[in-house]
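Dear colleague,

Please find below the structure I promised to hand over. My notes on it follow, arranged by topic.

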Amino acid sequence: MNQVLSLISDWLVRHHTIKPDDRELYEYAIYSFLISITPLAIFLIASGVMGLWGEGLKIRDS
């Protein structure tokens, strides 16, 4: 995971999107985003595999 975060932050620095001094801050932000979105992605993939997209997305027929 640290290698992926380092690659992303290096890419952002190379493209002058962030300053080199802010690299650690952005690595932490990317890490936090990935950790928070992972359970949702797993849940949606599992509901799709089971064919329960509507229940996974809470879509109901009214």
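**Surface and overall make-up**

The protein exposes about 5,400 Å², of which carbon and sulfur atoms supply 64%. Please bear in mind that this is a predicted model. The protein has three helices and zero strands, and its elements run α-α-α from the N terminus on. Of the 62 residues in the protein, 15% are buried.

**The nonpolar core**

The largest nonpolar core consists of five residues: Leu5, Leu12, Val13, Ile18 and Ile30. Helix 1, which covers residues 2-14, provides the largest share of this core, namely three residues.

Leu12 and Val13 are themselves part of the core.

**Ser9**

Ser9 lies in helix 1. Is Ser9 buried or exposed? Its relative accessible area is 0%, and the residue is therefore classed as buried, the limit being under 20%. When neighbours within four places in sequence are set aside, Ser9 is in contact with Ile18, Arg23 and Glu27. Ile18 also belongs to the largest nonpolar core.

**The salt bridge**

Side chains of opposite charge can pair when their charged atoms come close. How many salt bridges does a search of the whole structure find? The search finds one. Arg23 forms a salt bridge with Asp10, and the closest N and O atoms of the pair are 3.0 Å apart. The pair links distant parts of the chain, since Arg23 is in helix 2 and Asp10 in helix 1, 13 residues apart.

Both partners fall between the limits for buried and exposed, which are under 20% and over 50%: Arg23 counts as partly exposed because its relative accessibility is 27%, and Asp10 counts as partly exposed at 23%.

**A nonpolar patch on the surface**

Met1, Tyr28, Tyr31 and Ile35 form a nonpolar patch on the surface, and together they have about 450 Å² of accessible area. Tyr28, one of these residues, is found in helix 2, which spans residues 23-49. With a relative accessible area of 58%, Tyr28 lies over the 50% limit and so counts as exposed.

With kind regards

How values were computed. Residues numbered from 1 in each chain as written. Predicted model: local features only at pLDDT ≥ 70, side-chain atom pairs only at ≥ 80, totals over all residues. Heavy atoms only, no water. Core = buried A, V, L, I, M, F, W, Y, C linked by side-chain atoms within 4.5 Å. Buried < 20%, exposed > 50% of the residue type's maximum accessible area, 1.4 Å probe, protein only. Helix = DSSP H or I, 4+ residues; strand = E, 2+ residues; numbered from the N terminus. Areas by Shrake-Rupley, 256 points an atom, 1.4 Å probe, with all protein chains shown as cover. Contact = heavy atoms within 4.5 Å. Patch = residues over 30% accessible without salt bridge, like charges linked within 9 Å, V, L, I, M, F, W, Y side chains within 5 Å. Salt bridge = Lys/Arg side-chain N within 4 Å of Asp/Glu carboxyl O.
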